[in-house]
2 protein chains.
Amino acid sequence: MKTLGKHLLCELTGCSSAKLSGVEGVKKEIYAAAAAANATILHGYFHQFAPTGVSGMLCLAESHISIHTWPETGYAAVDIYTCGDKAMPHNAIEYLAQALEAEQHHVLEMSRGVHDDGGRYVSVPVEKIHAAIADDDSLAEVIQRPLKPRAKTKYKAVPVD
Amino acid sequence: MKTLGKHLLCELTGCSSAKLSGVEGVKKEIYAAAAAANATILHGYFHQFAPTGVSGMLCLAESHISIHTWPETGYAAVDIYTCGDKAMPHNAIEYLAQALEAEQHHVLEMSRGVHDDGGRYVSVPVEKIHAAIADDDSLAEVIQRPLKPRAKTKYKAVPVD
């Protein structure tokens, strides 16, 4: 596992109510999404709410995927958090948007475990990191080179706010 | 469950390596954190990585909590996503920061399932919503009044970017 992780927060709008309603259907699609992301599944759990709605999560070798559905409004909240280079979390989102028949989807990509100027780890929208890199090329290695947990001196401070 | 959820992304810095290393210890503290948040636990799963590190997650009636630890750098990434008024997710973070002996912690609170001007659901940092409310008092009900999933017409658009 790498310390710098990607955490995608995804809102799916206008999904098929039928696709969001039943625990077995949602479970099948989340497992398929994990496969689309090339992730390694350690464990899964899915819960059927009454009268409707499903919550589910997979613990991954790379971190996790979760989904919470509101069939009555066609809304699903998904998050996928991955560490390392192997997983392709955006593929999971693209898969789910199609499989759940979303009319629209919104993805916010957060970088987790980024060192700020004060030595704290923080979470930062990746767009802010890209903006920082645009201002200072020396920061590019922060997201281009995977960071090793044990190599603490390789962390570079990323200015946030 | 309410459609508008709170999702706290929390980075813990300078934690006790011993506290982050073992699956049993991490599991105990996450269960205690869920209790501190007044959350209802549906299921839990925790995984011990080799040589070190733990991933764990609880599926909650209110949504979920997850943790991923890197004992070698004293870093833990936590997220807690809750819907409804009953849960107090910030209490879980305060509890964990103390229990894992974090020197510092950083919390980003995201609002999930917010309607934007185009009718999409999006996720928005809560600070942006507060800024929008400061500009327009009529938006206050967006976060002050819990939204009912079936009452679609009660959603108000929040300007984002």
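This is a predicted model: local features need pLDDT of at least 70, side-chain atom pairs count only at pLDDT 80 or more; totals for chains, interfaces and linings use all residues.
1. Extent of the interface. Chain A places 54 residues in contact with 54 residues of chain B. The area buried between the two chains is about 4400 Å², and carbon and sulfur atoms give 65% of that area. On the side of chain A, the residues that lose the most area to chain B are Met57(A), Trp70(A) and Tyr121(A), which together account for 14% of what that side buries.

2. Polar and charged pairs. The rule finds two salt bridges across the interface of chain A and chain B. In a salt bridge at 2.5 Å, N to O, the side chain of Arg112(B) meets that of Glu11(A). Polar contact across the interface of chain A and chain B extends to 17 residue pairs, both residues being at pLDDT 80 or more.

3. Elements and composition on the side of chain A. Strands E1 (5–13), E2 (41–48), E3 (54–60), E4 (63–70), E5 (75–83), E6 (104–115) and E7 (121–125) of chain A each give two or more residues to the side that touches chain B. By class, the residues of this side are 26 nonpolar, 20 polar and eight charged.

4. Helix packing in chain B. Helices H2 (residues 23–36) and H3 (residues 89–99) of chain B pack at an angle of about 145°, their axes lying 7 Å apart. Their crossing is right-handed. From H2(B), Glu29(B), Ile30(B), Ala32(B), Ala33(B) and Ala36(B) meet Asn91(B), Ala92(B), Tyr95(B), Leu96(B) and Ala99(B) of H3(B). This contact comprises eight nonpolar residues, one polar and one charged.

Definitions and conventions. Residues are numbered from 1 along each chain as its sequence is written. Chains are lettered from A and ligands numbered from 1 in the order in which they are written. Side-chain values use heavy atoms; hydrogens and water are left out. Axes are lines fitted to C-alpha atoms, for helices over the stretch in contact, and angles run from 0 to 180 degrees between N-to-C directions. Helices (H or I, at least four residues) and strands (E, at least two) are DSSP runs, numbered from the N terminus. A crossing is left-handed if the near helix is turned anticlockwise from the far one by less than a right angle, and right-handed if clockwise. Contact means heavy atoms within 4.5 Å. Ala, Val, Leu, Ile, Met, Phe, Trp, Tyr, Cys and Pro count as nonpolar, Asp, Glu, Lys and Arg as charged, and the others, Gly among them, as polar. Buried area is the accessible area (1.4 Å probe) that two parts lose on being put together, summed over both. A salt bridge is a side-chain nitrogen of Lys or Arg within 4 Å of a carboxyl oxygen of Asp or Glu. A polar contact is a pair of N or O atoms within 3.5 Å; within protein, one must be able to donate a hydrogen and the other to accept it, and residues adjacent in sequence count only if both atoms are side-chain atoms.
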